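Let's take a walk through a structure together, one piece at a time. Have the sequence and the 3D view open as you read.

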Amino acid sequence: MSMFNAISTAHSGLNVYRTWLDATSDNIANANTVTSTDEEAFQARRILAAAVPGNGAGVGGGARVTGVEFSSPEGRLAYQPDHPLADEDGMVRTPDIDMSVEMTSLLMAQRGYQANLAVVERARDAYRAALQLGRS
Amino acid sequence: MAINGVSGVGGFSRPAPVQRPSLTEPGTAGTNGTGKAAGGGFADQISDALASVQQSQEVADGLAQQAATGDLSDIHDYMIASTQAQLATDLTVAVRNKALESFQSIMQMQV
Amino acid sequence: MVYDVTTASLHAALRGLSARRGVQAQNIANVDTANYLAQRVDFESALGSALDDVNRGSASAASVARTSPQTTTSLDPTRLNGNNVNLDDEFLAQEQTELAYSTVIEAMSAKFRLMRTAIKGQ
């Protein structure tokens with residue numbers, strides 16, 4: 001039903017934003033994960049999303065996650081000689097994660113998720129109003 | 001003295017034209033005109049109205065079956081069809097009741 | 001005439017949607033259960049083919065009333081704990097089930113209202 005199309009489009013949006021939220025929370029949780037210099041640094045994940053083509057009526061089919069982008073494996077070199085993983089120069093690798101960028105992503109992902117939930121609610125209310133048609 | 005025929009009592013269309021009594025048949029002309037205009041026209045109108053009520057009910061039923069199997073593309077299609085069927089039925093019933101009322105009040109007229 | 005094909009199909013839809021609602025609640029309750037696979041209910045295929053048979057004239061309205069919902073297991077990919085319940089999917093599916101249920105209830109009420117007008121004559 002046409003109201004349900006709006007709901008399934010919003011559903012695809014919810015999946016994209018939730019994946020983004022999950023990836024961002026993973027990045028934040030690992031923002032200080034230190035590795036030794038002979039390993040790769042923790043790589044932050046960026047979600048790539050694309051629009052889904054519609055069914056020909058001029059309306060699109062929502063969005064989907066098309067892939068993940070990883071940040072650089074070299075990370076940043078930091079001087080922490082007391083760290084158990086430090087090499088002979090006292091250097092360790094820290095992830096190339098900027099906390100302010102991640103917090104902004106978190107906010108945007110949360111807002112996007114809530115916006116899609118609002119779409120679902122509006123579509124549902126419109127459908128219920130249609131069910132009242134013709135009632136005296 | 002000439003007696004003018006009574007114009008048709010069917011409520012749906014304009015009244016049938018009045019039959020002028022001819023000079024050679026003074027007694028029957030007026031009543032002939034009345035019988036044809038009221039009886040034939042009203043009966044046809046009633047059966048047309050019933051056929052269209054039946055059709056609107058069938059359309060609403062078809063859309064209801066689509067709603068049951070989840071194939072209905074727009075809910076408002078079904079709601080409008082069902083409202084039309086209900087209103088058509090209500091109208092037919094109201095007309096029938098009015099006609100019955102008029103018939104009964106005519107039958108109760110003191111002659 | 002009172003219990004015709006349309007009423008039978010609406011009644012079958014109500015049974016199916018009610019079964020679906022129960023299965024969805026069970027899926028949500030088991031969102032963290034290890035190795036639990038989401039269950040799905042399908043009544044539309046059986047109902048659709050029964051209605052096609054009736055419209056072709058090869059079955060009676062009673063066959064529509066006899067259709068029953070089928071429960072199947074979802075083969076969606078599982079997470080690490082063997083569970084494949086997607087909470088967003090289940091919530092939205094619940095919304096759709098509720099809307100479909102309201103629609104079918106309204107359709108059935110409208111049909112009974114119509115019959116009552118014809119019977120009572122007002």
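A residue counts as buried here if 20 or more other C-beta atoms lie within 10 Å of its own. Keep in mind that this is a predicted model.

With that in hand, look at helix α2 of chain A, which covers residues 99-131. The buried residues of α2(A) are Ser105(A), Ala109(A), Asn116(A), Val120(A), Ala123(A), Tyr127(A) and Ala130(A). As for its length, α2(A) has 33 residues and reaches 48 Å from its first C-alpha to its last, close to the 48 Å expected at 1.5 Å a residue.

Now hop over to chain B. How many helices and strands does chain B have? The count is two helices and zero strands. Of the 111 residues in chain B, 23% are buried. If you take the contacts in chain B between residues at least 6 apart in sequence, 49% of them join residues at least 24 apart. Helix α2 of chain B runs over residues 75-107, and its 33 residues reach 48 Å from first C-alpha to last, close to the 48 Å expected at 1.5 Å a residue. Its buried residues are Ile75(B), Tyr78(B), Met79(B), Ala81(B), Ser82(B), Ala85(B), Gln86(B) and Ala88(B).

Next, see how the chains meet. Ten residues of chain B are in contact with eight residues of chain A. On chain B's side of that meeting there are four nonpolar residues, five polar ones and one charged one. Chain B also touches chain C: here 21 residues of chain C are in contact with 17 residues of chain B. Which elements of chain C give two or more residues to this side? They are α1, α2 and α4 (87-120) of chain C. The biggest giver is α4(C), with ten residues. Sort chain C's side by class and you get eleven nonpolar, seven polar and three charged residues.

Helix α4(C) has another partner to show you. Two packed helices are described by the angle between their axes and the distance between the axes. For α2(A) and α4(C), the angle is about 5 degrees and the axes are 10 Å apart. That angle makes α2(A) roughly parallel to α4(C). To find the spot, pick out Val120(A), Arg124(A), Tyr127(A), Arg128(A) and Leu131(A) in α2(A), which meet Leu92(C), Glu95(C), Leu99(C), Ser102(C), Thr103(C) and Glu106(C) in α4(C). This contact has five nonpolar, two polar and four charged residues.

The axes of α1(C) (residues 5-29) and α2(C) (residues 44-56) come within 11 Å and cross at roughly 170 degrees. So these two helices are roughly antiparallel. From α1(C), the contact uses Val5(C), Ser9(C), Ala12(C), Ala13(C) and Gly16(C), while α2(C) brings Leu47(C), Leu51(C) and Val54(C). Six of these residues are nonpolar, two are polar and none is charged.

One last stop is Asn35(C), in the loop between α1 and β1 (39-42) of chain C. Most residues other than glycine have a negative phi. Asn35(C), though, has a positive phi, near 65 degrees. Is Asn35(C) buried or exposed? It is exposed, because it has 10 other C-beta atoms within 10 Å.

Methods:
Residues are numbered from 1 along each chain as its sequence is written. Chains are lettered from A and ligands numbered from 1 in the order in which they are written. This is a predicted model: local features need pLDDT of at least 70, side-chain atom pairs count only at pLDDT 80 or more; totals for chains, interfaces and linings use all residues. Two residues are in contact if their C-beta atoms, placed from the backbone, lie within 7 Å. Ala, Val, Leu, Ile, Met, Phe, Trp, Tyr, Cys and Pro count as nonpolar, Asp, Glu, Lys and Arg as charged, and the others, Gly among them, as polar. Axes are lines fitted to C-alpha atoms, for helices over the stretch in contact, and angles run from 0 to 180 degrees between N-to-C directions. Helices (H or I, at least four residues) and strands (E, at least two) are DSSP runs, numbered from the N terminus. Angles under 35 degrees count as roughly parallel, over 145 as roughly antiparallel, 65 to 115 as roughly perpendicular and the rest as oblique. The expected span of a helix is 1.5 Å times one less than its number of residues. A residue is buried if 20 or more other C-beta atoms lie within 10 Å of its own, exposed if 12 or fewer, and partly exposed in between; C-beta atoms are placed from the backbone.
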